[in-house]
Amino acid sequence: MTCKDCDKAIGYKQHKESMDSLGVELCERHTRLIKKIILDNGTPVEAIQLFYALKEAGAHPMLEWWDGKKSVDVAISRVKLNIEIDKDYNMITHEQAISDLEEAMHSFKNGFTTVRIPHLAIKYYLDDTVQNILGIITGLKSNIKAI
Ligand SMILES: [Zn+2]
């Protein structure tokens, strides 16, 4: 068992502790660092799981990336892709819905693409979610080349 961040070998107890709290295999130091990020930003655990899955797939993601106005859950900066995790669709208010759309419009104007992913997709279909994001990255890359 190794830490998904630094490849350090971890024992059973640490494996269980990080899997139970974050759903990702991490060493003591990285579990602590990630928990701090969650506390500071209200990051959903699904964003952490997606971040490490994308990292493993070689996509070079960034966690809680500051775009100048707000913190983005996960970003792939070389193709200007922002990924936001939607915590609960049922809880969304109409004000939130229109402000999300407005935010997406502003980042689009600045050359960023925003994708909103329901947390359930990550919870139940992490591999498929990663494959789809890799496809979006490929698509964005060819669009960048085309310009
Ligand atoms: Zn580590």
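1. Let's start with the overall layout: the protein is divided into domain 1 (1-42) and domain 2 (43-146), with bounds that come from an automatic or database domain assignment. The centres of the two domains, taken over C-alpha atoms, are 22 Å apart. Nine residues from domain 1 and eight residues from domain 2 make the contact, where two residues count as in contact if their C-beta atoms, placed from the backbone, lie within 7 Å.

2. A word on what you are looking at: this is a predicted model, in which local features need pLDDT of at least 70, side-chain atom pairs count only at pLDDT 80 or more, and totals for chains, interfaces and linings use all residues. Residues are numbered from 1 along each chain as its sequence is written.

3. Next, helix 3 (residues 45-56). Helices (H or I, at least four residues) and strands (E, at least two) are DSSP runs, numbered from the N terminus. The twelve residues of helix 3 should span 16 Å at 1.5 Å a residue, which agrees with the 17 Å between its end C-alpha atoms; the expected span is 1.5 Å times one less than the number of residues. After helix 3 comes Gly-58, with a positive phi near 80°.

4. Which residues of helix 3 are buried? They are Glu-46, Ala-47, Ile-48, Gln-49, Leu-50, Phe-51, Tyr-52 and Leu-54. Buried means that 20 or more other C-beta atoms lie within 10 Å of a residue's own, exposed means 12 or fewer, and partly exposed is in between, with C-beta atoms placed from the backbone.

5. Now the largest nonpolar core, which has 22 residues. Such a core is a set of buried Ala, Val, Leu, Ile, Met, Phe, Trp, Tyr and Cys residues joined through C-beta atoms within 7 Å. Helix 3 gives the most to this core, with six residues, and at least three residues come from each of domain 1 and domain 2. Ile-48, among the residues with the most contacts inside the core, is in contact with Leu-22, Val-24, Ile-34 and Thr-43, leaving aside neighbours within four places in sequence.

6. Finally, the strands. Strand 2 (residues 71-76) is largely enclosed by the rest of the structure, because five of its six residues are buried. Strand 2 pairs in the antiparallel sense with strand 1 (residues 62-66) over four bridges, and with strand 3 (residues 81-86) over three bridges; pairing requires at least two DSSP bridges between two strands. Ser-71 is the bridge partner of Trp-66, and Asn-82 that of Ala-75.
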